[in-house]
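I opened a new structure today and kept notes on what I looked up. The entries follow the order in which I went through it.

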Amino acid sequence: MNVRNCRKCSKLFNYVSGPPICPACREALEAKFQEVKEYIREHKGATIPEVAEACDVSQNQIQQWLRDERLEVAEGSGIALLCENCGEPIKSGRFCTKCKNSMADQLSESIRKPEAPKPQPKKDTKENPKMRFLG
């Protein structure tokens, strides 16, 4: 059994997986997420500081939801996310589609098993290599 202290309220809880917060704090965080999501729908041009102040959520938490792809930036929004690899503007996550595809290709290339060498046909080493029939 894995018992930990919650990062938010410091209560002991049985930790299973995910962020080290207790179930009560996890539910409260999910309720805040829904509130932020609804606020963004109603106020399409809102920036991260505006959303954070209106919903009483930290700016870091909103950025984390954007990076986790739980929230997405709308067209014409005041929020600017950039790809961590190339700097191209993105709507959510950490990387643009081009960089994601490039990293996936590199990963699949690095874990690809080398092909077995093809067997070479044996060469006849006799002086006079002719076809012979028995019979």
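**Entry 1: ground rules.** I am working with a predicted model, in which local features need pLDDT of at least 70 and side-chain atom pairs count only at pLDDT 80 or more, while totals for chains, interfaces and linings use all residues. Residues are numbered from 1 along each chain as its sequence is written, and side-chain values use heavy atoms, with hydrogens and water left out.

**Entry 2: layout.** I looked up the secondary structure and found 4 helices and 4 strands. Helices (H or I, at least four residues) and strands (E, at least two) are DSSP runs, numbered from the N terminus. Read from the N terminus, the order is β-β-α-α-α-β-β-α.

I then asked what share of the 135 residues counts as buried. The figure is 22%, where buried means under 20% relative accessible area, exposed means over 50%, and partly exposed is in between (1.4 Å probe, protein chains only). The accessible surface of the protein is about 11000 Å², and carbon and sulfur atoms hold 51% of that. These areas come from the Shrake-Rupley method with a 1.4 Å probe; for residues, only the protein chains shown count as cover.

I also noted the contacts, meaning heavy atoms within 4.5 Å. Among contacts in the protein with a separation of 6 or more, 22% are between residues 24 or more positions apart.

**Entry 3: the largest pocket.** I wrote down the terms before using them. On a 1 Å grid over the protein atoms alone, a cavity is a set of points where a 1.4 Å probe fits but cannot get out, and a pocket is an open set with protein on both sides within 12 Å along at least five of seven lines; lining residues have an atom within 4 Å of a point. Grid points are joined across faces, edges and corners, and a volume is the space filled by probe spheres set on the points.

The largest pocket has a volume of about 180 Å³. Its lining consists of Arg7, Lys8, Pro19, Pro20, Ile21, Arg26, Leu29, Glu30, Trp65 and Arg70. Which element gives the most to this lining? Helix α1 (residues 23–42) does, with 3 residues. By class I count 5 nonpolar, no polar and 5 charged residues. For the classes, Ala, Val, Leu, Ile, Met, Phe, Trp, Tyr, Cys and Pro are nonpolar, Asp, Glu, Lys and Arg are charged, and the others, Gly among them, are polar.

**Entry 4: the cavity.** How many cavities of 30 Å³ or more does a search of the whole structure find? The search gives 1. The largest cavity holds about 60 Å³ of space. Residues lining the largest cavity include Ile40, His43, Lys44, Val51, Leu66, Glu72 and Ile79. The lining divides into 7 nonpolar, 2 polar and 2 charged residues.

**Entry 5: helix α4.** I checked the length of helix α4 (residues 97–111). Its 15 residues should span 21 Å at 1.5 Å a residue, and its end C-alpha atoms are 21 Å apart, which agrees. The expected span is 1.5 Å times one less than the number of residues. Of the 15 residues of α4, 1 is buried, so the helix lies largely in the open.

Entry 6: Beyond its neighbours within four places in sequence, Ser92 is in contact with Leu66, Glu69, Leu71, Glu72 and Leu81.

Leu82 sits in strand β3 (residues 81–82) and is partly exposed at 44% relative accessible area. Leaving out residues up to four places away, Leu82 touches Arg67, Gly87, Glu88, Pro89, Ile90 and Arg94. Leu82 and Phe95 are 13 residues apart in sequence, and their C-alpha atoms are 7.7 Å apart.

**Entry 7: two positive phi angles.** Ser10 is not a glycine, yet it has a positive phi of about 70°. Ser10 is in the loop between β1 (3–5) and β2 (12–14). Asp56, also not a glycine, has a positive phi of about 55°. Asp56 is in the loop between α2 (48–55) and α3 (59–67), and it is exposed, with a relative accessible area of 64%.
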